Amino acid sequence: MRAIAWLPALLLASAAFAAEGELSAGAGLDYSEGDYGTGSETKILSIPFMARYDKDPWKLKLTVPYLRVTGGGDVIPGIGQTNRGRRSETTESGIGDTVLSATYGALYDTRSQFGLDLTAKLKLPTGDEQRGLGTGSVDQTVQVELYKSIDRLTAFGTVGYTNFGDSDVVELKNAFHYELGALTRLNQGDSVGASLYGRQRVVEGGAPQRELTVFWNRRVARAQRLQAYFLVGLADGSPDVGIGASAMFSF
């Protein structure tokens, strides 16, 4: 039985604690396209549905995407080129892989405005790997994020490591990833920023990922926010371009 059967229980567990913390839900729309070093273009439309529970110092998040992938079948969302073999262009759609994450605010000093977060992620194989909507593997990621604010400017950096599980469709190699960026507050609720993300190659004969993203955030309350971004790929393992937006609302 696929792991998606666990999702109702996880949502109910989050709702049971909502009286003590803040529960929010939302959705997004993401579109990207590129050849990922394959010589033919793959277009990916993702509609992620999200649930989040905030109670200091914890943040818990669940993401379940609906995907529509048009291409030659050798690109998997989130992985890139897989060397699965070429075929004529097709379109596949359906639920993608689910991601559960837990972030712990391990340190925050109000005087220096310096913080450190620890995050663990679990990717569950809810996407159909035979149709290129997932990998069929259970993956674990751990990462550390540091951030420092000076007046309106906040600089941040993340380093993490993903342990990929066994997949029947592609052999995945464990990999480190990083992100460096900064954002500045425009007013009480709006901020803009940019970040550079990179990841080692995860498939033999594939390519690393490297992406530059500019973004805008609007925060209404702690767990109520709007986000939009534009992405440019800087390596063959990334899409050429991407654009997206999301909204989260508490209840």
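**Close-up views of a predicted model**

View 1. With a relative accessible area of 3%, Asp54 is buried, because buried means under 20% relative accessible area. The side chain of Asp54 makes a polar contact, at 2.8 Å, with the side chain of Arg52.

**View 2. Thr42 and the residues around it.** Strand 2, which covers residues 42–55, also contains Thr42. The relative accessibility of Thr42 is 1%, and this residue therefore counts as buried. When its neighbours within four places in sequence are left aside, Thr42 is in contact with Ser32, Glu33, Gly34 and Tyr36, and also with Val69, Thr70, Gly71, Gly72 and Val75.

View 3. Trp58, Leu60, Tyr104, Leu118, Val142, Val144, Leu146, Val159, Tyr161 and Phe176 make a nonpolar surface patch of about 850 Å². Two or more residues of this patch come from each of strand 3 (58–71), strand 9 (139–150) and strand 10 (153–163). Strand 9, with three residues, gives the most to the nonpolar patch.

**View 4. Leu60, one of the residues of the nonpolar patch.** Leu60 has its place in strand 3, which is one of the elements that give two or more residues to the nonpolar patch. The relative accessible area of Leu60 is 34%, so this residue is partly exposed, whereas Asp54, shown in the opening view, is buried at 3%.

Terms used: Residues are numbered from 1 along each chain as its sequence is written. This is a predicted model: local features need pLDDT of at least 70, side-chain atom pairs count only at pLDDT 80 or more; totals for chains, interfaces and linings use all residues. Side-chain values use heavy atoms; hydrogens and water are left out. Helices (H or I, at least four residues) and strands (E, at least two) are DSSP runs, numbered from the N terminus. Buried means under 20% relative accessible area, exposed over 50%, partly exposed in between (1.4 Å probe, protein chains only). Contact means heavy atoms within 4.5 Å. Patches are made of residues with over 30% relative accessible area and no salt bridge: like charges are joined within 9 Å, nonpolar side chains (Val, Leu, Ile, Met, Phe, Trp, Tyr) within 5 Å. Accessible areas come from the Shrake-Rupley method with a 1.4 Å probe; for residues, only the protein chains shown count as cover. A salt bridge is a side-chain nitrogen of Lys or Arg within 4 Å of a carboxyl oxygen of Asp or Glu. A polar contact is a pair of N or O atoms within 3.5 Å; within protein, one must be able to donate a hydrogen and the other to accept it, and residues adjacent in sequence count only if both atoms are side-chain atoms.
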